[in-house]
Every structure is written in C-alpha cells, then in structure tokens.
Amino acid sequence: MRLIKKIFIDLLFKINEEKALKFISALGNDHLDRGNFKAGIFYFDNLVVYNPKKIEYRYKRGTCYYHLSEYQLALSDYNKCLKILAFNSKIKKDVYYFARGLVYFKIRKYEDAMKDFDICFEKYQHLEALIHKGMCKANLNKLDEALIDYNKAEDLGADSSVLFNQRGLALFKLKMLDKALLDVNTSITKYGSDFSKLYNRGLIHFKNEDWTLALSDFESVLGLCPNHTNALIHKKDILKRI
C-alpha cells in the first residue's frame, strides 16, 4: 500500500509540484491532527524530500515522532529546523526550542532541556517553558528552585493544569501538604481530573492520614489505569489500616 501511495505521490509531483505540495501537506496535517502519527510521518517524509529546507515539514514530522516516543528522530528534525533558522532573525524560534526542550526532558537530559526552556522564556516570555524549566529542576531534586520558577510563572500570568499539578507535587515533596492539596485541587477543579492528578492528591491524603479520601482517589486512579502498581500498593495498605 505504501509503495502504491509513493508512486501516486511521485506522479502528482511530476504533473504539478505546487499543487502536489499543498495536497500532500493537507493529508499530513490531517493525520497529525487526528493522531495518526505513523501515517503523518509518511506524508511529511515525502514533503521533506521534495522541499528539504521547508522547516514546517520537518517540525511536523518531528512532532509525529515525539508522540510516538521516537525521541532521537524527533530531536534530529528539531535540530535541523533550528540549524536552518540559525541566521534568520525574522522568524520566532520559541516553538522549535520548546519542542526540542520537551524531547530533552523526555530523555532526561534536564540540563539541555533547561537551556532551551531558558531561551524560550528569556527571549520570548514563553511561560510554559518557565514551568517546564521548574519541572527539570524538580526532577533534579532542586525543589526550592523549582518553586521559584513555578511562582514566577504564576506571577507573570501563567494559569495551567501543569503549573498547579507540578507545583503541588513539589510542595508535597517538601512536606507543605496544605499548599500542595490546594494546588492539586485547583488543577483538578479548573482543568479536569486525570490519573496523574488523582494519584498525586491521593498521596497527599495518604500522608495526611485521610484514609477515606486517599482510598477514593487511588480507586479512581485504578479505574482509569488498572495496572497502576503504586496506586494498588497504596490501596492495599489503606485497607489494612481501616
């Protein structure tokens, strides 16, 4: 099937290159938007071949790779984008630095990630980058420094699920349980719950020895993610206590 598609694409380019680029780009974008990342890569691959200096195609292919956890391939595309843009001062580069920073974060190269997030924030006031810089510091166990970044982001107007959930987790690790609970609850109330937030709140309730509330959260986590080992361990521990 891929061979047939490739032959069709090559034929389109021979007939009318400009229309072929628009048509194939639309197909790639559609697959990317719908989460069909492997299919998206196929179309962006062809676009990169025909127009290797068009950073949009590399960036979107990198995004597909990122969502498939193909981090080295994503990193290669983002690096190429930034290399192409190196001497172009007219185009904002924060989206590319932020994307590369996310890859570094995923592969636990936190120092490299922080460099990219720093560029995003210092040059472009990218508040999500400042939050992610704090997350890097938290993962390096620099919790007090992480809180400084989270608080600064909020002071500058950041208002996101990630901010409240991650700051709540840092506060929990620093044993500031009341503030931690407030942040995680804010994240859930304003932006909806997921298994990560519910698990974090369950940990806070567990530490506070609020067994009923902790049990409820861990059971909710297991309802969403039945193989969540730590939630199951905590649930069994609570059942022994009550």
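Contact here means that heavy atoms lie within 4.5 Å. The model is predicted, and the points below are to be read with that in mind.

**Helix α7 and its buried side**

- The buried residues of α7 are Tyr 110, Ala 113, Met 114, Asp 116, Phe 117, Cys 120 and Phe 121.
- Covering the buried residues of α7 are, among others, α6 (94–106), α8 (127–139) and α9 (143–155).
- On the face of α7 turned away from the buried side, the exposed residues are Lys 115, Glu 122 and Lys 123.

**Positive phi angles**

- Gln 125, which follows α7, has a positive phi near 55 degrees.
- Asn 141, although not a glycine, has a positive phi of about 65 degrees; Asn 141 belongs to the loop between α8 and α9, and is exposed, with a relative accessible area of 62%.
- Glu 209 is likewise not a glycine and has a positive phi of about 60 degrees; Glu 209 is placed in the loop between α12 (195–207) and α13 (211–224), where Glu 209 is exposed, its relative accessible area being 53%, and exposed is taken as over 50%.

Note on methods. Residues are numbered from 1 along each chain as its sequence is written. This is a predicted model: local features need pLDDT of at least 70, side-chain atom pairs count only at pLDDT 80 or more; totals for chains, interfaces and linings use all residues. Side-chain values use heavy atoms; hydrogens and water are left out. Buried means under 20% relative accessible area, exposed over 50%, partly exposed in between (1.4 Å probe, protein chains only). Helices (H or I, at least four residues) and strands (E, at least two) are DSSP runs, numbered from the N terminus.
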